[in-house]
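Could you walk me through how to read a sheet and a few residues in this model?

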Amino acid sequence: MHEMMLVEGIISTILELSHEKKGRVSYFKVSVGEISQFNVELIRYLLIEMVKGTELEDAHIEVDVEKAVVKCLSCGSKLNFQELVDPLSINEREAVHFLPELISSFCRCPSCRMNDFEIEQGRSVRIVEVRMDI
Amino acid sequence: MKSEWIFKDYWKMDHRDVITRRRLKEIDRIIVIVSGKGGVGKSMIATTMSFLMAKEGRSIGLFDVDLYSSSSSSILGANNLPREATHGLIPPTSNNVKVMSISLFIGGRPASIGGKAAREIIKEMLTITEWGKLDCLIVDTPAGIGDTMMMLAEIMRGKANFIVVTTPSKLSVSTTRRIVEFLLSAGMSVMGIIENMSTGKTNKDIELISRELGVELMGRIPLDIEAAEAIDRGDLSMLIQTNFATSLLNLLRESKLV
């Protein structure tokens, strides 16, 4: 899994923002989208470890899971992500892990059988909030 | 007096941007192959160009962002899923070219991808692909000015050079003007225009675009049925012996790309 690359990117992004705004980060929150299938505990652990020795080491870190919400754009149904991906093969699930929008290539809406989806929530890992003293 | 600022879902908080910037720094040159309309041989040129440059000893990557009719990877014979490593996905290498394409993930399935989803996929692929150090990354695009073009213009501004492929047909030439105008107005660097499937006669309309918009006419590649056959068969050793490949190689040399 490429969690390390991800966490490096998150830390660098927050550091860049703090330098731009000339502030000291007191808190940041990261959401791990269900669809990404990343290991939340590992992300949390890596964040805590990798901020050590940086300007973020004293910041309070929060990591939570963002529930997946997939909407069928044809009939409007809100779909259960797990039920959509359960029938997929390992390779297909892996493809969705790397590129979540590929869900449209592998799955069909159980209501209308179309495959035009929008991921409304829980797509991937993202920085949700940063608080800084400026 | 200090105050607390709170940034929520702020646009500068997309961690993928910093990762992509780092990856692009490892690449000396990015050439984006575009066209105003389909069927002008853009993928054939992008793929053959990458193959020829790799043959000349350059470290080359080929990024196929044509999500709807992806063909570059199959032309080069790259079919394996990218391998996951600590810092991203390692693109498979075929004929000394590192290849990344959506077809590596979905095989022959149709890519049912709307506008916003297409942007996310391209952004994600740029983020997760570990190209390493490259002399040149060649990007094969879908025809026209759509979400893909907008995305690339946004991400690769200042780094990419665009080559516009056209054929002598009036329809192709008219769309070529539009796409060159778009690229120039967006502040993109346009390396030049390639006239593919040329009949050998001077095309005054293409020359006019070149003159009026200040964009170089890089060269003419002849119509070559044998090259199309070689591509169909996936026979690259046959391809490099065709007039198509020879002309393209000469063009690359004149443009100092090899």
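Q: What should I know before starting?
A: This is a predicted model, in which local features need pLDDT of at least 70, side-chain atom pairs count only at pLDDT 80 or more, and totals for chains, interfaces and linings use all residues. Residues are numbered from 1 along each chain as its sequence is written, chains are lettered from A and ligands numbered from 1 in the order in which they are written, and side-chain values use heavy atoms, without hydrogens and water.

Q: What is the strand order of the open sheet of 4 strands?
A: Strands of a sheet pair through backbone hydrogen bonds, either parallel or antiparallel. Here the order is 2(A)-1(A)-6(A)-1(B), with mixed pairing (strands are DSSP runs of E, at least two residues, numbered from the N terminus; two pair if DSSP finds at least two bridges between them). Strand 2 (60-66) of chain A and strand 1 (4-8) of chain B stand at the edges, each with a single partner strand, so one side of each has no neighbour in the sheet.

Q: How many bridges join strand 1 and strand 2 of chain A?
A: Strand 1 (residues 24-33) pairs with strand 2 in the parallel sense over 7 bridges. Within this pair, A:V32 stands opposite A:V65.

Q: Is B:S35 buried or exposed?
A: Buried means under 20% relative accessible area, exposed over 50%, partly exposed in between (1.4 Å probe, protein chains only). B:S35 counts as buried because its relative accessibility is 0%. The B:S35 side chain reaches the backbone oxygen of B:K37 at 2.8 Å, a polar contact (N or O atoms within 3.5 Å; within protein, one must be able to donate a hydrogen and the other to accept it, and residues adjacent in sequence count only if both atoms are side-chain atoms).

Q: Which helix holds A:V96?
A: A:V96 lies in helix 4 (residues 90-98) of chain A, where a helix is a DSSP run of H or I, at least four residues. A:V96 is also buried, at 0% relative accessibility.
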